[in-house]
Each structure stands twice: as structure tokens, then as C-alpha cells.
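Please look over the model shown here before reading the notes. The briefing below goes through it topic by topic.

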Amino acid sequence: MTDTATAGRERAPASLFGRIGAQNISLLIALVVLLAIFGALRPDVFFTPRNLINIGLAVTILGILAMAQTVVIVSGGLDISVGSIVGLSTMVLAVAAQETGSIPAGILAGLLAGLLAGAVNGLIIVYGPVNAVIATLGTMSAFRGLAYLMNNGNSIPITGDSLRALGIGTLFGLPFAIWLLIAAMAAFIVFTRETVVGRNIYALGGNPTVARLAGIPIRRYQISIYAMSGFAAAVAGLVLASRTMSGQPASGSQGLELEAITAAILGGCALQGGKGTIIGAMLGVLIIGVLNNGMILTSVPTFYQLLAKGALLILAVIVQERQRARSGE
Amino acid sequence: MTVPVVSVEGVSKRFGAVQALRDVSVAFNAGEITALIGENGAGKSTLMRVLEGEHRPDSGRVLVDGQPVQLNSPRAAHGSGIRVIHQEPEIIPELTVAENIFIGDIKARGGIFLDRADLERRSLDLLRTFGVVDVLSPGQRCHGLSPALRQLIEIMRALRPGARLLAFDEPTSSLTEDEAQRLFRVIRRLKADGVVVIYISHRLREIIELADRCVVMRDGSRIADEPIAALDEQRMVRLMVGRPVSDLFNRKERALGPVRLALEGVTTRRVEGISFEVRAGEIVGLGGLVGAGRTEVARAIVGLDPLRSGRMAVGGQPYGPREPADAVAAGIGLVPEDRKQEALLLMQAVRDNVSLVVPDKVSRYGFFSRRRERALVARHVAELRVKTPSIEQAVGKLSGGNQQKVVFARWQARGPAVLILDEPTRGIDVGAKAEIYRLIESLAEQGLAILLISSEMPELLGLADRVLVMQSGRISGELHWQEASDEAVLALAMRSGKETIERRVS
């Protein structure tokens, strides 16, 4: 019970190195190494603008999910139902667009479905109370089942130029989806760093008892955080639907939770809560995106890709735990 | 002169700044019941931990049958025949009575299958010996057994072959009078069988009834070791307390204002019929033993434990908190007992820790105004003379006293009408203590209503205008500061007898 044993890491000093953070530096190095490897293996295509935009597009969906997941993990929780919510929201979007004949109405319905699904997670976790991992493991299956039920397990094509424009349109040479990701990133960074609610989420994850005694209504916070995570999944679903022009119950959204959690942890999130950054998570997203893209370009079979992704998650947690043990938190 | 079965010689043990044991020597003889008494933190539990092999003494030695032994592990102590029965019996609810008694020593047929017949035979023998064969059966699951029966199982477990010394750590705190009497019969039987018995309790009448000899501890030292016939309750209390109240306090007359906090018949899962008022400018002390329900009163006030009945009012307005957030909104601040687990985000900066309860004062439309935040935090940190290199320093790196000042700074920034202090100087060195005391006094002078929970007698007597004493979840008496003394408080805290036991909250 000495002071040094419980003392945490010091606040980042004001130097440039400190501001970026040691963790982010090592992520940047890992990213550069990956780029060098795949650049050397496929010099003909890897660094072409087209491939780089492909990587950018591929990480939009993951990026949105990983940033929301970061907030959930910082608060001391975990949301493994996000992949299913993506699928569910694309199906709701497609059905609603079909029924009303209006793409905006479909988009609205899809986003609402995600918000609602997330709120359901939050309510189960808070009022069950059910452990967050178990609650969202359950809804991961339930939401996927719901998505299949909406059209007997089949996908639903969507017709509508406004959605197509969202999927393929560009602004200043960059696809809309990438702009969306950049906007989301800015919003998440401001939210986590500059708002009272954002800071309170770090407090909640750091020590829920302290947060509660300091007057933070932690139940309301938790429900809102999962609702936000569900909404973010629906935004990701919107990007997916605009790209495939269809509601897809499973294709394109399976396994996203694994990648989102991996990215958040690579980025420095502690599963115990209270620690993690948006920038770190986005670096994690880029690493996963480059790895996916590079493995496809170098013709690594899909099965090995799954193996690699699983190993990456476990490796990220091991590194994280080692650091925690070293800093004596 | 017979050789004592177990004895400790010159044992000292230090934890950080705290000298838990100071050159303690005691001999425990076969067939003798030795009572061990002292205030909270006097060193009784540490001494037990040494005998149990959980703590290794810094100096001194433990002897069994006159031979020095190394009690490096609970296993070694167990091998020497030393068994401690803790306050909270460790019973596995899903196992049967027999399995719980013989856990770790269950015979297997062919090395694989449970030998149920042997298990049942052995446990029936024990149950008969203890005269409980009609209440407990070997095959019964332990789920839902009363505390008394759970404790009995723990005792039977401890009595496996080879037990030579049995120590009971406050065994009757959760027992009814009848159950306690049954336990005493068991203990007397052990004594007759030549087992060494150590009996720790705050209930002095019990000790006079049961023990042959009484060892008194205070501040880690053995103060007295006398036959029970030479002692009475009053003398025991005097021996346990017997410490000069220092002049850390300077009592001033304060003008009392209107009632800020009022409780009327407040009953929760843990406390019953709590009624009192705290006025502006008043410091009301809440005394009693650990576990008497003092912290639980604080929990009820801040909305952590729901009220079963009773009413509360803050500033004359009815007040029914459902969440600590409601308490903060109503102007109640809590400095909790466990600073590191309940009050501070150790990894976060002093700035974050102070501004946590004043989001409205450091933000606009939900966005931080860093300038305002820094100014506010810096002002309160300076006012309380928190020693920190900067307000960006992680709170976990500060000393205990400065950490506690950060908690006070937090509530200064909020400006509550009522402040509840639960053990405000725990783990703080004497210099910082004096500063915290002056701070508490000046807060009262500024017109705060203060409820002070403390196990440190000098603190309670030195600061409080009046002291409410709790026992077993109820307020057992009230003392004005002029009539409050260590003896008077302890007498109310420990008042034994059937009357209080019957009124005990179950």
C-alpha cells in the first residue's frame, strides 16, 4: 500500500514525443514497417493512389466502429454486438427505403434502428444487470438473427441515386466515405478531450465508485454510451449499404467487432477502462487496414488472414498487459 | 513450570509508517482461554496474522513447545497446529456440510471416487461431539446456513487432527445470544481437551464470562497481561484507551445556525431508527466500533443504500436521494473512508480530480473552459496548501495527506452545505493530520454542517461538538463534548447485555 505502488503513469509531458505518446510512436513504426513490407512485395500496385484510396475506403467502416468502441472500452465496457448492428441497420435501411420509396426515410430508419439496438444493450447491462461481454454476446446473436429474419436470410437490393452518390461520389478527389470518417474522427477527438461528458467517461471507466460518489449519473451514462455505439454502427451500416446498394444481413459486417476491438486495444485502450485515445484507435485501424489490403495483394489465403487477425488481437492485449504491469497501475 | 504450547517473543512488525507490533511477548498455555482485547488498530489482528503465517515478523520469534519455528506460510502454521477462525467463515455454499469440514482432506476410493461413506462417518462423529447432530446433517448443502452454523463448520474444519491452538477473531459479532452460548460451550470443551484458545472480542462481559486471562494491546504494544479475576470492565477500557489526547485541537465556540441535515427514523439494510440533526457550523461526531454501522449511515445519506423507512431533510427541504448525484445536487459532500478506492482517480491529474464535481463551473455548453478550470483548481489547491509540483501531477504520486487535501479541495470548489467525513485522517501522518483538523474546524466556522465519522478517539473528542455513539446499527447514546470521554464512548459502543442483542438488526 505504498504511494509508489498505486501511483499511475505521469501525465504526458509537453514535449512533442510526449504529446504523441510512446504508444502511438510504436504504432506509427509498426505502420511504416508494414507499408515497407507490402510496398516491397507488391511495388507495382501497393503505393498507387487507387490502392491507397482503396485502403482508405476499407477502413471507413472499421474506423467508425473502432472509435465508438474506444469510448465504450474507456467507460469500462465492451460492445461485441456492433458487427450485427451494422448488418441489422442495412436491412432496416433497405426495407424502409423499399416500403416508403424514399432513401432519406430509409437512412433515418437505419440510423434509428442502430440507436435503438444500442440502447437495448445499455438497458440490459445496467438494469439486468448483465456483464457487458455477456449481454452484447447475446445481442450479437439476437441482432444477427433479426437481420436474417427481415428477408428470410436474403439480402435486399436498394435502388436510389442519392444512396449511390453517397457510395461512389467524391469531394476534392476523396470519396464521401473518407470525408465522413474524417468528420467523425474530429467529432470523437473533441468529444473525448474537450467536453465534460467525455472526461466523465474516463472517470467512470477509471473507477466507477469514485465517479458515482462524485455525482456522475453512471447508469444514464452507460445506457447513452451503448446507444452511441449502436448509432455509430448504423452509420457504418449506411456506408456499407451505399457501397453494396443493398441490405446485407451478414455479408460485409461479420467479424467487424473483432477488428474494432483489436484496433481499440492496439491503440492503447485498457480493457479495465479509463484509458484509451481516438488517435491511437485510428492508428490501430490503419494497421489493420494495411494488413488486410496487403494480405489480399500478396494473395494470402482468407483462412490465414483470419488466423493473423485473431493472433493480432491477442498480441495487442499481451503488450497492453505487459505495459500495465510495468507501470504498476 | 510447564512450557507454553505457543509463545511469541519480542515480535515487531512494521507496515510503511505504521508500527503494527512493538516488541510483543505473550505465552499461550494448554487448557487456557486467553482473551485478546484492544481498540481498532491496536495490533490484535496483526498478531494473529503472524501466528497464522500470513505476516513474517521483522524481529522476534515464535516458539512452539519451546522450540523456535519459522511460520513462513499459512501451511507451515497449519502444520504446527495453529488455526485461526476468522470473522467471516469461508464456507463453499454448493458443497455439503461434510465436504466443507473435510475439504482438502477428502479420501478417495481408488484415487478417483469420493468415499462418501467415510466422509459421512467422520463428520457424524464431529457433529455428535458438538451436539449439533440434530441441526446439521453431513449430506446437507451449506447454502443458506445461518452465520452461527457456518462458523461451527469452520471450527470443526479447524479441529482436524493436530490442532493445538485455536484463535477466534470476534466470533460472536454476528451471533445471537443463544448461539453465542452454544459457542462458549464448544470453547470450554476445547479447553478441557487441552487446546490453547485465543479469544478476540470487543464484548467485555463475554470475556469476563469466558476467559481465564486477558492480554490488552494498544498501539502495537502489549499493555497488560493479567488473570481475568484481577480485571473488571472499567479497568479493561482504561487499559485499552489510556492515551493522552494531544493538543492538536483548539476548540472554539461556534455560533450554530439553522438545521442543515436532519434524519428521522432512518432504516436501511444495515442501520435502524437513526435520528439526528446537524446544524450549520456544527461538527457532529459519529463514534462506535468498526462495523457498528457508521459508514452505513453515510451511505444512506448520500443515496448509496435505499431507505426502508424514515425521512431525511436537507436545509429544511424533504430529501430522498436515489443516487449520489442527488446528494451532490442537494449540497452534500462526502469524503469517503477509502481515499484510493472511493475518492480519487489516482492516474488522473490533480486538476481532473478537483474539477470532477464542478462541471458547471468549468465549462460552457458542455465544453471545457481550460482557463476557468485551471484558475478554479489552482485557487483551491493553493488555499489548502496542497504540496504538488503542478495541478497536472497525477494524484497517485502525492502523499496521503496531500491526496486527502485534494479531496477536500474538490468539495471546497463545490461549496456544499453539508460535509460528511468518513475517517478523514486514516493513513495520514501526524503533521498532515493537524492541518486537516484545522481545516475541518475552519469549515465549520464558515458555516458548514459536518458529520464526522471516526475510529480515532482523540479526533472524535477533540473536534466534535457532540458525539453520537453507534452499536449494532443503532445509535446507543449521545454525549455532549464536555461529557464525552474515551471511557464514556467505549462504554456506549460496547454496552453488552441481552437487551442490545435482541434489538440487533438482522
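Into which domains is chain B divided? Chain B is divided into domain 1 (6-91 + 145-241), domain 2 (244-331 + 416-506) and domain 3 (349-414), with bounds that come from an automatic or database domain assignment. This is a predicted model, in which local features need pLDDT of at least 70 and side-chain atom pairs count only at pLDDT 80 or more, while totals for chains, interfaces and linings use all residues. Residues are numbered from 1 along each chain as its sequence is written, and chains are lettered from A and ligands numbered from 1 in the order in which they are written.

**Chain B as a whole**

- Chain B has 18 helices and 24 strands; helices (H or I, at least four residues) and strands (E, at least two) are DSSP runs, numbered from the N terminus.
- The radius of gyration of chain B is 26 Å, which agrees with the value near 23 Å that a compact globule of 506 residues would have. This radius is taken over C-alpha atoms, and the globule rule is 2.2 Å times the number of residues to the power 0.38.
- The C-alpha trace of chain B spans about 75 × 45 × 45 Å along its principal axes.
- The C-alpha centres of domain 1 of chain B and domain 2 of chain B lie 31 Å apart.
- Of the 506 residues in chain B, 46% are buried. A residue is buried if 20 or more other C-beta atoms lie within 10 Å of its own, exposed if 12 or fewer, and partly exposed in between, with C-beta atoms placed from the backbone.
- Two residues are in contact if their C-beta atoms, placed from the backbone, lie within 7 Å. Among contacts in chain B between residues at least 6 apart in sequence, 67% join residues at least 24 apart.

**Where chains A and B touch**

- 27 residues of chain A are in contact with 30 residues of chain B.
- On the side of chain A that touches chain B, the elements giving two or more residues are helix H1 (3-6), helix H10 (196-206) and helix H11 (208-213) of chain A. H10(A) supplies the largest share, 5 residues.
- The residues on that side of chain A divide into 10 nonpolar, 9 polar and 8 charged. Here Ala, Val, Leu, Ile, Met, Phe, Trp, Tyr, Cys and Pro count as nonpolar, Asp, Glu, Lys and Arg as charged, and the others, Gly among them, as polar.

**The nonpolar core**

- A nonpolar core is a set of buried Ala, Val, Leu, Ile, Met, Phe, Trp, Tyr and Cys residues joined through C-beta atoms within 7 Å.
- The largest such core has 249 residues, and A:Leu65, B:Tyr199, B:Ile420, B:Ile450 and B:Leu452 touch the most other members. Helix H12 (residues 218-244) of chain A gives the most to this core, with 17 residues.
- Leaving aside neighbours within four places in sequence, the contacts of B:Tyr199 include B:Ile33, B:Phe168 and B:Leu210.

**A residue of chain A**

- A:Ile55 is found in helix H4 (residues 49-74) of chain A. A:Ile55 counts as partly exposed because it has 16 C-beta neighbours inside 10 Å.
- Leaving aside neighbours within four places in sequence, A:Ile55 is in contact with A:Gly289, A:Val290 and A:Asn293.
- A:Ile55 and A:Gly294 are 239 residues apart in sequence, and their C-alpha atoms are 9.4 Å apart in space.

**A four-stranded sheet in chain B**

- In chain B, 4 strands form an open sheet in the order S14-S13-S16-S17, with antiparallel pairing. Two strands pair if DSSP finds at least two bridges between them.
- The edge strands, S14 (274-279) and S17 of chain B, each pair on one side only.
- Strands S13 (residues 259-267) and S16 (residues 309-314) of chain B are joined by 5 bridges, and B:Leu263 has B:Met312 as its bridge partner in S16(B).
- S16(B) and S17(B) form a hairpin with 2 residues between them, and B:Gly315 in the turn has a positive phi of about 55°.

- In helix H17 (residues 486-494) of chain B, the buried residues are B:Asp486, B:Val489, B:Leu490, B:Leu492, B:Ala493 and B:Met494.
- The cover over the buried residues of H17(B) includes strand S23 (466-471) and strand S24 (474-480) of chain B.
- S23(B) and S24(B) pair in the antiparallel sense over 6 bridges, and in their hairpin B:Ser472 takes a positive phi near 50°.
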